[in-house]
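Visitor: I am new here; could you walk me through what is on show?
Guide: Gladly, let us look together.

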Amino acid sequence: MKKISLLLAITFLLQSCYSYKKVNINPKTMVIGQTYKIVRNNKTTKAVYTQNADSVIFVLKNGYEERIPIKNITSAKEKKFSLVKTVLLVPVTLIAISGLFILTY
């Protein structure tokens, strides 16, 4: 029971305060330095947008710059900070962890 409560506590603590919002695939409106989740050919890539050219965007992924043709991009989502998740996540996590430890003793 203690292992299950520890696993659940770690799971709660690893939740993110960020979410991804769908954006138009337009290099003129994309923000340089922003993290995007780019879907192309049924493959999802998390990368930092660095610059654009005529029909290509440049992203930084794992320390390497990669060129992605705009025509190959199916969808793009921008990483946004979620205040609601942040405000609710901390108290809910503390209550859940306290409750789990109380139940295990």
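Guide: Rings of Phe, Tyr and Trp (its six-membered ring) pair if their centres lie within 6.5 Å; planes under 30 degrees apart count as stacked, over 60 as edge-to-face and the rest as tilted. This is a predicted model, where local features need pLDDT of at least 70, side-chain atom pairs count only at pLDDT 80 or more, and totals for chains, interfaces and linings use all residues. Residues are numbered from 1 along each chain as its sequence is written, and side-chain values use heavy atoms, leaving out hydrogens and water.

Visitor: How many aromatic pairs does the structure hold?
Guide: There are two aromatic pairs. Tyr-18 and Phe-81 form an edge-to-face pair, 5.5 Å centre to centre with 75 degrees between the planes.

Visitor: Why is the pair of Tyr-36 and Tyr-49 called edge-to-face?
Guide: The ring centres of Tyr-36 and Tyr-49 are 6.2 Å apart and the planes stand at 85 degrees, so this pair is edge-to-face.

Visitor: What makes Tyr-36 count as buried or exposed?
Guide: Buried means under 20% relative accessible area, exposed over 50%, and partly exposed in between (1.4 Å probe, protein chains only). Tyr-36 has 1% relative accessibility, so Tyr-36 counts as buried. Tyr-49, at 2%, counts as buried too.

Visitor: And why does Tyr-18 count as partly exposed?
Guide: Because its relative accessibility is 39%, Tyr-18 counts as partly exposed. Phe-81, at 49%, also counts as partly exposed.
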